[in-house]
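Dear colleague,

I am passing on the structure we spoke about, with some notes to read beside it. Please have it open while you go through them.

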Amino acid sequence: LCLLGFVRKEQSKDAEAERLFKEAETVLRHRVDTESELVVRALINVASVYLIQGKCDAAEPLFEEALEIHRRRVSEEPLWLADGIEALSRLYWARGKETSAVPLLEECLRIRKQHLGDDNLKVAKTLNDLGVLLHGNRKGDSAALPLFQEALRILKLHVSANHLDVADAIFNY
């Protein structure tokens with residue numbers, strides 16, 4: 001069900017993807033431990049589809065439940081969890097809850113560095129996003145600058161100086 005849901009999501013058939021992910025979540029909750037990693041993934045999948053559809057009120061509690069279950073059950077943080085954490089931080093950010101978004105982006109950054117290394121492009125993107133968030137709420141300009149500098153350094157390792165992401169990082173810097 002989840003694989004078919006991903007296919008439908010890629011085909012921009014969001015309503016069908018939502019139905020498949022919700023069905024997978026229901027099946028998993030009844031057939032496996034309700035706090036298993038599979039349930040966490042299913043919750044994140046459904047919440048992600050809700051975000052695509054602009055249903056933020058429906059997505060937020062699912063992301064929160066997924067993170068809560070994961071934190072209770074698992075000592076190890078898989079890389080895929082960073083995407084769910086990032087999505088919830090973006091949701092909080094969009095809703096003006098910057099104080100809730102910052103620690104989540106910091107957690108996302110830590111997980112990505114742990115799994116991908118310090119010089120990965122996803123790490124650079126997360127550094128840049130965290131810098132933008134801190135700079136935007138005017139409470140962390142001094143904290144934002146080193147994040148922008150590090151993101152720019154990483155980007156320059158991987159892409160040409162004329163790349164759009166480099167221009168974006170320089171603009172933020």
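This is a predicted model: local features need pLDDT of at least 70, side-chain atom pairs count only at pLDDT 80 or more; totals for chains, interfaces and linings use all residues.

Residues are numbered from 1 along each chain as its sequence is written, and side-chain values use heavy atoms, with hydrogens and water left out.

The protein has 9 helices and 0 strands, where helices (H or I, at least four residues) and strands (E, at least two) are DSSP runs numbered from the N terminus. Of its 173 residues, 43% are buried, meaning under 20% relative accessible area, with exposed meaning over 50% and partly exposed in between (1.4 Å probe, protein chains only). Among contacts (heavy atoms within 4.5 Å) with a separation of 6 or more, 53% join residues 24 or more positions apart.

The largest nonpolar core holds 46 residues, and those with the most contacts inside it are Ile-44, Phe-63, Ile-85, Leu-88, Leu-127 and Leu-130; such a core is a set of buried Ala, Val, Leu, Ile, Met, Phe, Trp, Tyr and Cys residues joined through side-chain atoms within 4.5 Å. The elements giving two or more residues to this core include α3 (37-52), α4 (56-73) and α5 (79-94), and α3 gives the most, with 9 residues. Leaving aside neighbours within four places in sequence, Leu-88 is in contact with Glu-60, Phe-63, Glu-64, Leu-67 and Leu-104.

Turning to the helix pairs, α3 and α5 pack at an angle of about 40 degrees with their axes 11 Å apart, the axes being lines fitted to C-alpha atoms, for helices over the stretch in contact, and angles running from 0 to 180 degrees between N-to-C directions. That makes α3 oblique to α5, because angles under 35 degrees count as roughly parallel, over 145 as roughly antiparallel, 65 to 115 as roughly perpendicular and the rest as oblique. In this pair, Glu-37, Val-40, Arg-41, Ile-44 and Leu-51 of α3 meet Trp-80, Leu-81, Gly-84, Ala-87 and Leu-91 of α5.

The helices α4 and α5 pack at about 140 degrees, with their axes 10 Å apart, and α4 is therefore oblique to α5. On the α4 side the contact includes Phe-63 and Leu-67, and on the α5 side it includes Ile-85 and Leu-88.

With best wishes
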